[in-house]
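Hi,

Here is the structure I promised to pass on. Have a look at it first, and my notes on what turned up follow below.

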Amino acid sequence: MSGFVGVVVSDQNLQSQFTQVELRGLHSNFVSARNESGKVTLDNLPPVMCKLKALKDILTEDDISRILNESSSDMTEEIDFESFLRAYLDLQKRFTAKLGNTKLKGSSSFLKARTTTIRHNISESEKTSYVAHINNFLREDNFLKDYLPIDPSTNALFDLAKDGVLLCKLINVAVPGTIDERAINTKKVLNPWERNENHTLCLNSAKAIGCTVVNIGTQDLVEARPHLVVGLISQIIKIQLLADLNLKRTPQLMELVEDSKDVEELIGLAPEKVLLKWMNFHLKKAGYKKTVNNFSSDLKDGEAYAHLLNTLAPEHGTSTTLDTKDPTERANLIIQQAEKLDCKRYVTPQDIVEGSANLNLAFVAQIFQHRNGLSVDTKKISFAEMMEDDAETSREERCFRLWINSLGIDTYINNLFDNVRTGWVLLEVLDKIAPGSVNWKQATKPPIKMPFRKVENCNQVIRIGKELNFSLVNVAGNDIVQGNKKLILAFLWQLMRFTMLQLLKNLRFHAQGKEITDADILNWANRKVKSAGRKSQMESFKDKSLSNGIFFLELLSAVEPRVVNWSVVTKGETDEDKKLNATYIISVARKLGCSIFLLPEDIIEVNSKMILTLTASIMYWSLQHKADTPDTIPEEDNENAAYDESPAAPTDEYPAAAAGGDNASS
């Protein structure tokens, strides 16, 4: 397998404006604009440019033609790739100007934000705060303690991030157990292959905890591009700080609601919205007349902070904070008061006065962690516990939610069952995996006040599902609107499975129009393990012998011999050993390049759906990187498998595997 080869642009200033993922997507679009003579001219660009994600629905083909005409008198002039990039940047500027002062939905939420090429500046204050977080939480790490503390005034953070170890460790701090540290390459000096493996593991694991990494590639992290590194670190830290803002982790949040309808609303809120609701709950009790709607302008004067801290920690309360007229001095007193609750300094007085949304959110979240001020109402807590799903349903909800978020659609999912009920999210997913299938003229975008509009959206979802040959007998759009969990999970499973099968079919199963089946995936896996001289086989995706993890470790080793360290593998005879193997399998698969969202319990309990996604993801990676030779395909299987004998197309990066990959710029 060849190493990573990025898209190289001779003008370094121009190259610095893009991530590697964006460059590859744009280069693909540039190539598609070639005319019959194999050249690209300015008049070839409008049809291509107007379909690019950053420009779509903002600039029309006529707008782009007019702008290009303004910059050149000869539209038949041949251009190279760098000129294409410059034209794209110029159009982006027009795009930004056209937006004007329009407030982008969700712009204050870093969990919803996507990395773009429009802004590449980083906040030194945010960088300093995140460095302090890293120094605090990773200072005792056996590997990193030799490199910590990091000096925030230097580029040490970016130098340390280049090997990928820091980011992997930080993910484990945010969501413990996400990465099996046995899979991280932790030598003092890593070769390019090992470094790339760490970053591949990092990106796939970041997606698996809910980060948006659509426009970030491994090469971007190898180069430690500051705005991407800081952006990713910010998302990871916020996931850690907001982890308790749900009923499962903090059932006391039930105190914020009055009735069951409010509970449903609370369950569907994003963590940062729950944090605002919690803050306003205490501010109302404190007699504060204003409502805090954001973590920036509404907190600048410090009054909300002063009331909140006086209410939560009256033993440290003082009237001095509110009596102080100077906002900066008040902010300084607020921080001093918070430190008495052992809240570390995520913000400086200047950050509060300037309304730094990310740092204020982190500060409020930490106050919540140390003193949430909620009472222990046993009746309400019991009600919250009754609403919890069974373990398997919760795991499947998590898997599908994270998979949808990894697709790069416009809507970010916080609670699957609540967020899909309008039908809009499912239409976005369907449009992503089956382009052109959605009739957007017949769809209504949230917020939706009229209930029948939700039913219309969901009816279209069911209609498209039937066109894709999903099993939807006696299923109607209203079942989704009503939040029928069993039917929603069944639909999403068919959606994910369809995506996986289409990806595999496009790679190797397109000969003679044959469709790929679950049996093809099963047979491929067994052949692959057998061809490597191993004896493990699986009878089906429900085979209980899979619970020890040995088969999947042998499969991973068969597709890439160097990826499994057999010295850390157990025999899988006890429950503890099974979990060790299952955790290792998931990290090794992600390290290889598989984008998967299952948990160790799914392997241990042999959840057939998740077992299929894991197997298909490994198969997808293998077929993209190493063409199966004829001697690995038994003669009797050739007809059913319908392999195309041409080699798999070479790629320049580990792919995002079967379930949900990174998107290019278009």
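Leaving aside its neighbours within four places in sequence, which residues is Thr583 in contact with? They are Gly177, Asp180 and Pro600, where contact means heavy atoms within 4.5 Å. Thr583 itself lies in helix H28, residues 575–592. (Helices are DSSP runs of H or I with at least four residues, strands are runs of E with at least two, and both are numbered from the N terminus.) Thr583 has a relative accessible area of 16%, so it is buried; the cut-offs are under 20% for buried, over 50% for exposed and in between for partly exposed, with a 1.4 Å probe and protein chains only. A polar atom of its side chain also lies 2.8 Å from the backbone oxygen of Lys579.

Before you read on, two things about the numbers. This is a predicted model, in which local features need pLDDT of at least 70 and side-chain atom pairs count only at pLDDT 80 or more, while totals for chains, interfaces and linings use all residues. Residues are numbered from 1 along each chain as its sequence is written, and side-chain values use heavy atoms, with hydrogens and water left out.

The chain as a whole

The secondary structure comes to 31 helices and 0 strands. The chain has 666 residues, and 55% of them are buried. Of the contacts with a separation of 6 or more, 66% are between residues 24 or more positions apart.

Two helix pairs

Two packed helices are described by the angle between their axes and the distance between the axes. The axes here are lines fitted to C-alpha atoms, for helices over the stretch in contact, and the angles run from 0 to 180 degrees between N-to-C directions.

Start with H8 (residues 165–174) and H9 (residues 192–208): their axes come within 9 Å and cross at roughly 30°. H8 and H9 are therefore roughly parallel to each other. (Angles under 35 degrees count as roughly parallel, over 145 as roughly antiparallel, 65 to 115 as roughly perpendicular and the rest as oblique.) From H8, the residues that meet H9 are Val165, Leu167, Cys168 and Ile171, and on the H9 side they find Asn198, Leu201, Cys202, Ser205 and Ala206. By type, the residues of this contact are 7 nonpolar, 2 polar and no charged.

Now try H13 (residues 271–285) and H14 (residues 303–312). Their axes also come within 9 Å, but the crossing is at roughly 75°, so H13 and H14 are roughly perpendicular to each other. H13 brings Trp278, Met279, His282 and Leu283 to the contact, and H14 brings Ala304, Tyr305, His307, Leu308, Thr311 and Leu312. That contact divides into 7 nonpolar residues, 3 polar and no charged.

Ser437 is in the loop between H22 (424–433) and H23 (451–467). With 17% relative accessibility, Ser437 counts as buried. Gln460 is 23 residues away along the chain, with 9.7 Å between the two C-alpha atoms. The backbone oxygen of Leu430 is 3.4 Å from a polar atom of the Ser437 side chain.

His133 lies in H6 (residues 124–138) and is buried, at a relative accessible area of 2%. Apart from residues up to four places away in sequence, His133 touches Leu170, Ile237, Gln240 and Tyr346.

Most residues other than glycine have a negative phi, and most peptide bonds are trans. Here are some exceptions.

- Leu148 and Pro149 are joined by a cis peptide bond, with omega about 0°; Pro149 is in the loop between H6 and H7 (156–161).
- The Pro446 to Pro447 peptide bond is cis too, with omega near 0°, and Pro447 lies in the loop between H22 and H23.
- Ala224 is not a glycine, yet has a positive phi of about 55°. Ala224 is in the loop between H10 (218–222) and H11 (226–241) and counts as buried at 4% relative accessibility.
- Asp342 has a positive phi of about 70°. Asp342 lies in the loop between H16 (327–339) and H17 (349–354) and counts as partly exposed at 47%.

Over to you!

How values were computed
Nonpolar A, V, L, I, M, F, W, Y, C, P; charged D, E, K, R; others polar. Polar contact = N/O pair within 3.5 Å; in protein donor to acceptor, adjacent residues only side chain to side chain.
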